[in-house]
Amino acid sequence: MPQADNELEIDIKSEQNKDVKQDTDLLKSSNLHFTMRLRLVNERPFFGPGAAQLLSLIDKTNSVHLACLQMGISYSKGWKILRVMEEQTGKALTFRKQGGKNGGEAQLTQDGHELLDTFSAFEEKCTAFVQKEFDNAFSKWI
């Protein structure tokens, strides 16, 4: 009888190990990845993916209004984001001409272009570094 208990115990452990291996196999076949959100902070957070997207769309559309529409944010929220960026950097990031008969327009200043380009390059480098570290740290899981 003691031998039967040992066999039962071995069978249970064997089944538990199979479950762990199956769980690990499931994790390996999953899409395990990381996400990262980079933000610039001065006195408060002021520049991240959303602000970068807003500047990029202003650059493409020459319009704060169209940029906000494409982002799905209100025009007033877009202006608030722009004001906070400019307050925190102490620089004009956009040049805006008020609307009239033909509507207004907005363009990025040189500082606006530099901030957007520098942030994008920095974000790429950070992502590449973190991806390498992630791959090393989680190699048995991916």
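Which backbone atom lies 2.8 Å from a polar atom of the side chain of Q88?

Reply: It is the backbone nitrogen of E43, which lies 2.8 Å from a polar atom of the Q88 side chain. A polar contact is a pair of N or O atoms within 3.5 Å; within protein, one must be able to donate a hydrogen and the other to accept it, and residues adjacent in sequence count only if both atoms are side-chain atoms.

The model is predicted: local features need pLDDT of at least 70 and side-chain atom pairs count only at pLDDT 80 or more, while totals for chains, interfaces and linings use all residues. Residues are numbered from 1 along each chain as its sequence is written, and side-chain values use heavy atoms, with hydrogens and water left out.

Q88 is placed in helix α4, which covers residues 75-89. Helices (H or I, at least four residues) and strands (E, at least two) are DSSP runs numbered from the N terminus. With a relative accessible area of 10%, Q88 is buried; buried means under 20% relative accessible area, exposed over 50%, and partly exposed in between (1.4 Å probe, protein chains only). Beyond its neighbours within four places in sequence, Q88 is in contact (heavy atoms within 4.5 Å) with N42, E43, R44 and F46. The C-alpha atoms of Q88 and V41 are separated by 8.2 Å, although the two residues are 47 apart along the chain.

M85 also touches F46, together with F47, A51, L55 and L93, when residues up to four places away in sequence are not counted. M85 belongs to the largest nonpolar core, a set of 24 residues in which F47, L54, L55, I58, V64, L82 and M85 have the most contacts. Such a core is a set of buried Ala, Val, Leu, Ile, Met, Phe, Trp, Tyr and Cys residues joined through side-chain atoms within 4.5 Å. Two or more residues of this core come from each of β2 (45-47), α2 (49-61), α3, α4, β4 (105-108) and α5 (110-137). The greatest contribution is that of α2, with six residues.

The packing of α4 against α3 comes next. Two packed helices are described by the angle between their axes and the distance between the axes. Helix α3 (residues 64-71) packs on α4 at an angle of about 110°, with the axes 9 Å apart. Axes are lines fitted to C-alpha atoms, for helices over the stretch in contact, and angles run from 0 to 180 degrees between N-to-C directions. The two helices are therefore roughly perpendicular to each other; angles of 65 to 115 degrees count as such, under 35 as roughly parallel, over 145 as roughly antiparallel and the rest as oblique. V64, H65 and C68 in α3 meet Y75, G78, W79 and L82 in α4. By class, this contact has five nonpolar, two polar and no charged residues. Here Ala, Val, Leu, Ile, Met, Phe, Trp, Tyr, Cys and Pro count as nonpolar, Asp, Glu, Lys and Arg as charged, and the others, Gly among them, as polar.

The loop between α2 and α3 contains N62, which has a phi near 55°, a positive value in a residue other than glycine. Most residues other than glycine have a negative phi, and most peptide bonds are trans. N62 is partly exposed, at 31% relative accessibility.

Leaving aside neighbours within four places in sequence, T94 is in contact with L55, I58, L82, E86, Q107, L108 and T109. T94 counts as buried, at 6% relative accessibility. T109 is found in the loop between β4 and α5 and also counts as buried, at 19%. Its side chain reaches the backbone oxygen of A92 at 2.7 Å. Not counting residues up to four places away in sequence, T109 touches A92, L93, T94 and F95.

As for the whole protein, there are five helices and four strands, arranged from the N terminus as α-β-β-α-α-α-β-β-α. Of its 142 residues, 23% count as buried. Among contacts between residues at least 6 apart in sequence, 53% join residues at least 24 apart.
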